[in-house]
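Subject: Structure for you to look through

Dear colleague,

I am handing over the structure we talked about, and my notes on what was found in it follow below. Please keep the structure open beside the text while you read.

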Amino acid sequence: MTSAIVVGAGLSGLAAAYRLQQGGATVTVLESGRGPGGRVQTEHHGGYIVDTGPDALSDGYASYLKLVEDLELGDRLVDTSAVIGLVRQGRLIDLDPANIARLAFTPALSMLGKLRLAAGFIRLRKAIKDVDSYDMGRSAALDDPDVSAHDFALRYFGREVAEYLIDPMMRLTTGGGAREASSVNVLGALGAWSGGLRSLRGGLATVTNELASRLDVRYGATVTRVDESESGVTVSYTDGSGTHDVSAATCVITAMYHRAVEMWPSLLTASPAFGDKLRNVKLISVSLGYRVPTTSRAYTVLVPTAEQPECLLIFLQHNKSADRAPRGHSLVTIYADTAVTDRFLDHTDAQLESWAAGVVEGLCPELAGYRDLSVVTRWPYAGYLADPGFWRRNSALRDSLPIRGPVQVAGDLFGAGSMESAARWGEHAARRILEGR
């Protein structure tokens, strides 16, 4: 038997705690918030089910899907629409991968653009296969700090594909446009989106809620310090009853970097260059419900910066899973680009709703006049911007941390900001602890 304290009840922390408990450890989870899930949250509004944090998951989510099966939630998995929407010249164009003949004539790209896209795929197919989309730190050698995803896309695909396909893919996967993203993210995104998309009936918080129900989670517990000793670790935290110290053999920290270095200063000294250049992604999402269906069958809508610099991406949630909206209704989620979020954070909910409705109803005019729901969510800390050089710094930080140390770090620190990377790195921390016994 070993004892462990997990800091944070987000998906990564809960996954780490669950695997530790399965391995025979006695585990306590300390969470500063009032409930589990971190950024994985689901809200119910009448007949609408709104995922207000992470949204998409794919067949490539091996760790996450294994977790779903182990929790006996596999019967909740559903396939989402394979149709992808792309905004071009103010229009929403559906791209159906199942209809190859129609794809050849889609107005989303010119014929030259389609040829350049195919040629680029052929040139990059081995590199795409070699990059792990959820552990891109392993491909840090490919991350040139002087080459952005936009530069990389221009070289292999040409300007049209770079601006109207690669750029919106970077916005979807990194929270910013191609000019702000690492070239490695292009390879990771192309690999991750080669499989089908999935979702869970009842909302994505189903997984984190089920995990928390099987664990000892203490809410309202804000960790202030993690100290190492010869016998293990001592974790100090505050809650409504005062200040407490609790000891254990090991600890897993899954907090965001700016909080993790406050409670465990060793992380700051491990690789200072990582923290010095770290840029946080800030996001705002607005989910709008409508009493009529959209004509588009897409779930994911890619939005190029050239078309909508303020709108990061759009999800047509009713095409993700039928239970997300009442029958015959639509649920649309729009995200603000991280570049404008600082300004948007000062907007009222009504102002954000008005902005979102203008974009959505401009692309889907059939929805205008039928809105019956609005949910605004603000994430001042939503992840890290994987800009050029990020994966090199990420790899250096990982190499500087002790493999068998009593303190392990998980969360978004080494991943790509997805539910798969959260689950994977939580399980990775648990595995190191269990193997180190």
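Which side chains meet in a salt bridge at 2.7 Å, N to O? They are those of Arg 424 and Asp 132, and please keep in mind throughout that this is a predicted model. The pair links distant parts of the chain, since Arg 424 sits in helix 15 (residues 419–435) while Asp 132 lies in the loop between helix 4 (111–130) and helix 5 (149–157), 292 residues apart. Asp 132 has a relative accessible area of 24%, so it counts as partly exposed.

Side chains of opposite charge can pair when their charged atoms come close. By the rule used here, the count comes to 29 salt bridges. Another of them joins the side chains of Asp 96 and Arg 297, at 3.5 Å from N to O. This pair also links distant parts of the chain, with Asp 96 in the loop between strand 8 (91–95) and helix 3 (100–103) and Arg 297 in the loop between strand 15 (280–290) and strand 16 (300–302), 201 residues apart. Arg 297 counts as partly exposed because its relative accessibility is 45%.

The side chains of Glu 210 and Arg 214 meet in a salt bridge as well, at 2.8 Å from N to O. Glu 210 is partly exposed at 24% relative accessibility, and Arg 214 is partly exposed at 31%. Elsewhere, salt bridges that share partners join Asp 51, Asp 55, Lys 320, Asp 323 and Arg 324 into one network.

Turning to the nonpolar residues, the largest nonpolar core has 117 residues, and the members that touch the most others are Leu 20, Tyr 64 and Leu 267. If its neighbours within four places in sequence are left aside, Tyr 64 is in contact with Leu 11, Leu 57, Leu 200, Leu 204, Val 207, Met 419, Glu 420 and Ala 423. There is also a second, separate core of 27 residues, which includes Leu 316, Ala 336, Val 340 and Phe 344.

Finally, please look at helix 6 (residues 159–174) and helix 7 (residues 183–192), whose axes come within 10 Å and cross at roughly 85°, so that helix 6 is roughly perpendicular to helix 7. The contact is made by Ile 166, Met 169, Met 170, Thr 173 and Thr 174 of helix 6, together with Asn 185, Val 186, Ala 189 and Leu 190 of helix 7. By class, this contact has six nonpolar, three polar and no charged residues.

With best wishes

Definitions and conventions. Residues are numbered from 1 along each chain as its sequence is written. This is a predicted model: local features need pLDDT of at least 70, side-chain atom pairs count only at pLDDT 80 or more; totals for chains, interfaces and linings use all residues. Side-chain values use heavy atoms; hydrogens and water are left out. A nonpolar core is a set of buried Ala, Val, Leu, Ile, Met, Phe, Trp, Tyr and Cys residues joined through side-chain atoms within 4.5 Å. Buried means under 20% relative accessible area, exposed over 50%, partly exposed in between (1.4 Å probe, protein chains only). Contact means heavy atoms within 4.5 Å. Axes are lines fitted to C-alpha atoms, for helices over the stretch in contact, and angles run from 0 to 180 degrees between N-to-C directions. Helices (H or I, at least four residues) and strands (E, at least two) are DSSP runs, numbered from the N terminus. Angles under 35 degrees count as roughly parallel, over 145 as roughly antiparallel, 65 to 115 as roughly perpendicular and the rest as oblique. Ala, Val, Leu, Ile, Met, Phe, Trp, Tyr, Cys and Pro count as nonpolar, Asp, Glu, Lys and Arg as charged, and the others, Gly among them, as polar. A salt bridge is a side-chain nitrogen of Lys or Arg within 4 Å of a carboxyl oxygen of Asp or Glu.
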